[in-house]
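Okay, thanks for making time, everyone. Let me put the structure up on the screen, and then I'll walk you through it piece by piece.

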Amino acid sequence: VEATKYEKRLLQCKGGRTVRVSQVPLTYESLNSGDVFILDDGLMIYQWNGSKSSPMEKNKGATLCRAMDDERGGKAEVEVEEDGGESKEFKECLRSWGEIKSKEDGGCDKEYANLNKPKLMKLSDASGKM
């Protein structure tokens, strides 16, 4: 039996009341101090909390980490990293390290929420009766 292989990825938790999760490039340049990021390295999962991230983003990140651990049969180890106090292992997963973007450089949470807002559309034929 072959061991399960996991693709290394970086997820961003961003938003106000409604926190959305999206995959971003696996580099330190994706991080910003206003959001929470999940670095999924298979059986090692890191939750990185930006210094100005909201409690809602931190909660969504923690919920996602628990779900990922459950998916892996409780075999994954979850480590919480704080902005400015990152472990050597976390930095090595991102291959290079530099200055983290500010909350402002990370974009507005309200604009991000409106970016992927669902739209209601109506489909009809040429007569307009369908």
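Helices and strands here are DSSP runs, H or I with at least four residues for helices, E with at least two for strands, numbered from the N terminus.

Quick ground rules. Numbering starts at 1 along each chain as its sequence is written, and side-chain values use heavy atoms, with hydrogens and water left out. And this is a predicted model, where local features need pLDDT of at least 70, side-chain atom pairs count only at pLDDT 80 or more, and totals for chains, interfaces and linings use all residues.

Now the overview. The protein chain has three helices and five strands, and along the sequence they come in the order β-β-β-β-α-β-α-α. Of the 130 residues in the protein chain, 36% are buried. Buried is under 20% relative accessible area, exposed is over 50%, partly exposed is in between, with a 1.4 Å probe and protein chains only. The accessible surface of the protein chain is about 8,600 Å², and 50% of that belongs to carbon and sulfur atoms. That's Shrake-Rupley with a 1.4 Å probe, and for residues only the protein chains shown count as cover. For contacts, meaning heavy atoms within 4.5 Å, take the ones in the protein chain with a separation of 6 or more: 59% of them are between residues 24 or more positions apart.

Okay, strands. I call two strands paired if DSSP finds at least two bridges between them. Cys-13 sits opposite Val-21 in S2. On to S3, residues 36–41: five bridges link S1 to S3, again antiparallel. Leu-11 has Ile-38 in S3 as its bridge partner, and Gln-12 stands opposite Phe-37 in S3.

Then S3 pairs with S4, residues 44–49, antiparallel over six bridges. Phe-37 has Trp-48 in S4 as its bridge partner. S3 and S4 form a hairpin with two residues between them, and Gly-42 in the turn has a positive phi of about 75°. How covered are S1 and S3? Mostly: six of the seven residues in S1 are buried, and so are five of the six in S3.

Next, H1. That's residues 55–71, 17 residues, and the distance from first C-alpha to last is 24 Å, close to the 24 Å expected at 1.5 Å a residue. The expected span is 1.5 Å times one less than the number of residues. Which residues of H1 are buried? Glu-57, Gly-61, Cys-65, Met-68 and Asp-69. They're on the same side of H1 because they cover an arc of only 110° around the axis, taking the directions from the helix axis to the C-beta atoms. On the other side, Pro-55, Asp-70 and Glu-71 are exposed.

Ile-45 and Cys-65 are 20 residues apart in sequence and 6.9 Å apart in space, C-alpha to C-alpha. Leaving out neighbours within four places in sequence, the contacts of Ile-45 include Ile-38, Leu-39, Cys-65, Met-68 and Val-78.

Now the cores. A nonpolar core is a set of buried Ala, Val, Leu, Ile, Met, Phe, Trp, Tyr and Cys residues joined through side-chain atoms within 4.5 Å. The largest has 13 residues, and Leu-31, Leu-39 and Phe-90 have the most contacts inside it. S3, S4 and helix H2 (88–93) are the elements giving two or more residues to this core, and S4 has the largest share, three residues. Phe-90, beyond its neighbours within four places in sequence, is in contact with Leu-31, Leu-39, Tyr-46, Trp-48, Glu-81 and Trp-97. There's also a second, separate core of nine residues, including Cys-13, Val-19, Val-36 and Met-68.

Last stop: Gly-106, in the loop between H2 and helix H3 (109–115). Gly-106 and Ser-33 are 73 residues apart in sequence, yet 7.6 Å apart in space, C-alpha to C-alpha. Not counting residues up to four places away in sequence, Gly-106 touches Lys-14, Asn-32 and Asp-35. That's my tour, over to you.
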